[in-house]
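My entries follow the structure.

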Amino acid sequence: MPMVARRLRDPDINPCLSESDASTRCMDGNNYDREQCSTYFLKYKNCRKFWNSIMVQRRQNGVKPSMPTAAERDEILGAMGKMPY
């Protein structure tokens, strides 16, 4: 697997891996009809927006790495009590 593809499949790098997979499965199952999968696309977009804002905030505060690891993301989501996206 190429390095870029491996990085995109790494849960520590890609916080929206499950949303991405869900939208791909939807497209496969609905004969690539984008209209049928709009809710999956919206959920993926909101996920990326949420984690991007977290990343920007951490970068401004000088926290390294700017993207939380998968374990840290689970703690953040657990503290919120529900999915923010």
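**Entry: a helix crossing.** I looked up how α2 passes α3 and found a left-handed crossing. The model is predicted, so I read every value as computed from it. I noted that α2 covers residues 17-29 and α3 covers residues 38-60. Their axes come within 9 Å and cross at roughly 160°. Angles over 145 degrees count as roughly antiparallel. The two helices, α2 and α3, are therefore roughly antiparallel to each other.

**Entry: who makes the contact.** From α2, I listed Glu19, Ser20, Ala22, Ser23, Cys26 and Met27. From α3, I listed Tyr40, Phe41, Lys43, Tyr44 and Cys47. I sorted the residues of this contact into 7 nonpolar, 2 polar and 2 charged.

**Entry: salt bridges.** Side chains of opposite charge can pair when their charged atoms come close. How many salt bridges does the structure hold? I found 2.

One joins the side chains of arginine 9 and aspartate 21, at 2.7 Å from N to O. Arginine 9 sits in the loop between α1 (3-8) and α2, while aspartate 21 is in helix α2. The two are 12 residues apart. Arginine 9 is partly exposed, at 42% relative accessible area. Aspartate 21 is also partly exposed, at 21%.

Another pairs arginine 58 with glutamate 72, with the closest N and O atoms 3.8 Å apart. Arginine 58 lies in helix α3 and glutamate 72 in helix α4 (residues 70-80), so the pair ties together parts that are 14 residues apart in sequence. Is arginine 58 buried or exposed? Arginine 58 counts as buried, at 15% relative accessibility. Glutamate 72 is partly exposed, at 31%.

Note on methods: Residues numbered from 1 in each chain as written. Predicted model: local features only at pLDDT ≥ 70, side-chain atom pairs only at ≥ 80, totals over all residues. Heavy atoms only, no water. Axes fitted to C-alpha atoms, helices over the stretch in contact; angles between N-to-C directions. Helix = DSSP H or I, 4+ residues; strand = E, 2+ residues; numbered from the N terminus. Parallel < 35°, antiparallel > 145°, perpendicular 65-115°, else oblique. Left-handed = near helix turned anticlockwise from the far one by under 90°. Contact = heavy atoms within 4.5 Å. Nonpolar A, V, L, I, M, F, W, Y, C, P; charged D, E, K, R; others polar. Salt bridge = Lys/Arg side-chain N within 4 Å of Asp/Glu carboxyl O. Buried < 20%, exposed > 50% of the residue type's maximum accessible area, 1.4 Å probe, protein only.
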